[in-house]
Amino acid sequence: MDAAQQRALARICGQRLLQAAIVSLLVAALCFLLVQQLPGDMAFRIAAGRYGYDYVDAAAAESVRQELGLARPAWQQFAGWLGQLAQLQLGQSLVTGGAVMAEIAHHLGATVQLAAASVALALGLGLPLGLASGLAPGGWADRLTLGYSVLLRALPPFLLGLMLMLGLSVQLGWAPAAGHGEGGNLLLPALTLGLGLSGLTARIVRDSVLAVVQADYYRFARSKGLAPWRVFLRHGVRNIGVTVVAYAGVQLILLIEGVVVVESLFAWPGIGHALVHAIFWRDVPMIQGCTLLLAWLFVLMNTATDLLCLAIDPRGPAES
């Protein structure tokens, strides 16, 4: 790694660390304020999460209120949580009493498994479709890819998930409709996220391939008599990769958004599923912990995207 690459690497890491700190404070404050504005008695909801609705009365809710100090001013509660965050602690769950960090770690594995399967499916479908349509613009593959992308982009994740659930699970019985622990449980949520991302990936790859093969340097390489496949590998792949990685990294926010919806729809025990339950039970430390993790994942993916673009860009860090 030369000096220019080292400076570029240090600049990217410094910017992303600052972004992570700012995002953490903004997300934490916004989540806390929004939860405070939710209707209903927070103490009653927390008590219901602990004991069940059938066993909760006014006395139980008041006991929870006194135990957790919910009668304190909101700014004092938030300041206490910030103090714990400064010590790299996310606090205790108001419902289970367990450490939020431990509970999030328990759910994170399921989310990573789902995300990895979805991305693999999106790349497995999107890359070949995009290459085929980009190398033959206006052909049948290009028109097919366009229709495929438009259709999938028009379907929100919850609707696509319901359609897959009704078709593949209820009608055909190919996979369980919901749950975790069996091999087939991953199929429907991964398809729901992966298909949505594959349409976008195909169009990004198509546009990138088309831009490269129409560039002057690519045409000059073809005019020298090199085999088409050799020109593509030598002059096309890296230039296409920079654009694809950059756009794909930005669009991975769709994956983070989709995780919350899809995990809840299919009862997949990941971070999104835990976040929905925490909101329902007004478990503020768990809500803030889950949202912070999702925000950090977004910053981490942006950082990985920048570093990967820096590594594969044939122009080098000085020009990119």
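Residues are numbered from 1 along each chain as its sequence is written, and side-chain values use heavy atoms, with hydrogens and water left out. Because the model is predicted, local features need pLDDT of at least 70 and side-chain atom pairs count only at pLDDT 80 or more, while totals for chains, interfaces and linings use all residues.

The largest nonpolar core has 33 residues. A nonpolar core is a set of buried Ala, Val, Leu, Ile, Met, Phe, Trp, Tyr and Cys residues joined through side-chain atoms within 4.5 Å; buried means under 20% relative accessible area, exposed over 50%, and partly exposed in between, with a 1.4 Å probe and protein chains only. The members that touch the most other members are I46, W81, L90, I104, M286 and C290. At least two residues of this core come from each of α1 (3–37), α2 (42–51), α3 (58–68), α4 (74–86), α5 (100–135), α12 (271–280) and α13 (284–312). Helices are DSSP runs (H or I, at least four residues), numbered from the N terminus. The most is given by α13, with 7 residues. M286 is in contact (heavy atoms within 4.5 Å) with V100, E103, I104, H107, A274 and A278, leaving aside its neighbours within four places in sequence. Another core, of 22 residues, lies apart from this one and includes M165, L188, A190 and V259.

Helix α5 also packs against α8 (residues 187–213), at an angle of about 35° and with the axes 6 Å apart. Axes here are lines fitted to C-alpha atoms, for helices over the stretch in contact, and angles run from 0 to 180 degrees between N-to-C directions. The crossing of α5 and α8 is right-handed, meaning that the near helix is turned clockwise from the far one by less than a right angle. Their contact is made up of 21 nonpolar, 8 polar and 1 charged residues. In this count Ala, Val, Leu, Ile, Met, Phe, Trp, Tyr, Cys and Pro are nonpolar, Asp, Glu, Lys and Arg are charged, and the others, Gly among them, are polar.

The whole structure has 4 of them, each a side-chain nitrogen of Lys or Arg within 4 Å of a carboxyl oxygen of Asp or Glu. D142, R203, R206 and D207 are linked in a network of such bridges. R203 meets D142 at 3.5 Å, N to O; R203 is in α8 and D142 in α6 (residues 140–154), 61 residues apart. D142 also bridges to R206, with the closest N and O atoms 2.9 Å apart. Since D142 lies in α6 and R206 in α8, this pair ties together parts that are 64 residues apart in sequence. D142 is buried, with a relative accessible area of 7%, and R206 is buried at 14%. R206 forms a further bridge with D207, at 3.1 Å between the closest N and O atoms; D207 is partly exposed, at 41% relative accessibility.

Two other buried residues remain. N185 sits in the loop between α7 (157–171) and α8 and has a relative accessible area of 5%. Beyond its neighbours within four places in sequence, N185 contacts P176, A178, G179, H180 and W268. G258 lies in α11 (residues 253–265) and is buried at 2%. Not counting residues up to four places away in sequence, G258 touches L193 and E263.
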